[in-house]
Amino acid sequence: MLQNDRFLKALRREPLETPPLWIMRQAGRYLPEYRAVRGKVKNFMEFCRSPELCAEVALQPIDRFGLDASIVFSDILTVPDAMGCRVEFLEGEGPKFKHPIRDAHDLSMLKKNAIPDLSYVMQAVSQTKAALKGRVPLIGFSGSPWTLACYMIEGETSKTFEKPRAMMYQNPALLHSLLDLLTGNVVEYLLGQISAGADAVMIFDTWGGMLSREKYQAFSLHYMQKIIEKLPREVPTILFTKGGGAWLELMAETGCSALGLDWQTDLSDAYRRVGSKVALQGNLDPAVLYGSPEVVRQEVRQVLLAMKGKPGFIFNLGHGVTPGVNPENVAVMRTEVR
Ligand code: CP3
């Protein structure tokens with residue numbers, strides 16, 4: 001049914017001549033055509049609530065670069081918003097929560113099953129799936145419970161997330177209750193996206209890397225494992241813990257299909273450690289895209305060399321593409337991978 005299923009083949013670790021590629025945050029502000037559509041709507045959450053616009057921008061990087069997978073255009077913070085935290089994105093300031101979670105009372109106010117309120121995301125999935133017309137697979141996604149809890153407790157973005165990290169030691173039971181509640185919602189969220197047409201799902205654990213090994217297992221990995229266990233086995237799952245390079249063996253044991261790697265993780269080393277169990281996705285430093293075309297080609301070749309002849313590799317950046325990048329360099333990267 002899919003015209004290009006190289007991404008799904010790589011997730012199954014089938015051998016391929018060249019790796020498939022897609023880019024985290026591939027639809028975003030670095031693209032002038034994204035900024036044009038984004039300009040039609042004032043705030044970002046309202047944009048996310050417009051399935052037609054989400055489908056339109058999701059296809060932009062597919063049309064421009066001919067990438068091997070599309071990702072649903074939405075945000076991880078739709079879930080905390082629907083649970084009752086009420087999220088707003090302020091221009092140049094990032095997300096702000098009207099009702100952050102600080103105590104048991106705050107927690108008791110949250111919706112237990114918020115996913116019926118996220119039908120706009122499911123519509124974005126089905127409309128994107130229809131617009132793709134089978135050209136490439138569609139990736140659904142969620143934040144990890146730990147990463148979502150970080151935002152819900154802090155109430156905004158942060159470099160250090162002192163409040164959730166303090167809660168881990170001051171009131172671990174409260175934190176576990178919140179993570180449990182999030183886990184149930186994330187399972188329903190991903191199942192909904194799969195029903196609406198997602199061919200694979202990715203869990204973004206952006207803030208797992210700031211934990212100790214022991215706390216990572218207890219507060220982040222444990223809940224991601226529970227989610228993976230509840231998803232249908234035939235739908236591939238990608239686990240991405242930014243800063244999780246030391247724990248790849250633990251992550252690979254969750255039953256996920258692939259690990260997303262940041263650029264600080266050595267690819268050859270990762271393959272040696274877990275390459276017989278899971279596919280690997282990554283991991284070009286996003287800052288490479290600020291280099292000259294020749295530098296981009298050199299750096300891309302280094303990543304490719306590390307995985308040459310090894311099955312189960314998906315080329316990507318080690319984190320999202322940044323707004324200041326010249327799209328021409330993304331085209332150079334694509335051509336070099338091909
Ligand atoms: O990859 C894609 O193309 C799909 C879209 C996508 C967005 N956010 C769109 C977005 C995805 C997969 C995300 C995930 C996301 N959102 C994560 C996990 C991945 C990561 O980057 O670590 C996180 C932590 C968020 C939370 C978030 N969303 C923040 C902190 C911000 C504000 C900072 C910023 O970049 O402006 C966002 C906003 C956001 N999400 C934008 C986009 C395109 C920019 C907002 C805009 O266009 O006005």
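## The second largest pocket

Glu17, Pro19, Met307, Lys308 and Gly309 lie nearest the centre of the second largest pocket, which has 17 lining residues. A pocket here is an open set of points on a 1 Å grid over the protein atoms alone, where a 1.4 Å probe fits, with protein on both sides within 12 Å along at least five of seven lines; lining residues have an atom within 4 Å of a point. Its volume is about 310 Å³, meaning the space filled by probe spheres set on the points.

This is a predicted model: local features need pLDDT of at least 70, side-chain atom pairs count only at pLDDT 80 or more, and totals for chains, interfaces and linings use all residues. Residues are numbered from 1 along each chain as its sequence is written, and side-chain values use heavy atoms, with hydrogens and water left out.

## The largest pocket

Now for the largest pocket: it holds about 1,500 Å³ of space. Of its 47 lining residues, Arg25, Arg29, Phe44, Asp75 and Phe89 are the closest to the centre.

The ligand sits in this pocket, as more than half of its atoms lie within 2 Å of the pocket's grid points.

## Around the ligand

Take a look at who surrounds the ligand: 21 residues do, and Arg29, Tyr34, Asp75, Thr206 and His319 are the closest. Being near takes a heavy atom within 4 Å.

Ligand oxygen atoms also pair up with the protein: one is 2.8 Å from a polar backbone atom of Arg25, and one is 2.9 Å from an N or O atom in the Arg38 side chain. Such polar contacts are pairs of N or O atoms within 3.5 Å.

Technical notes
Polar contact = N/O pair within 3.5 Å; in protein donor to acceptor, adjacent residues only side chain to side chain.
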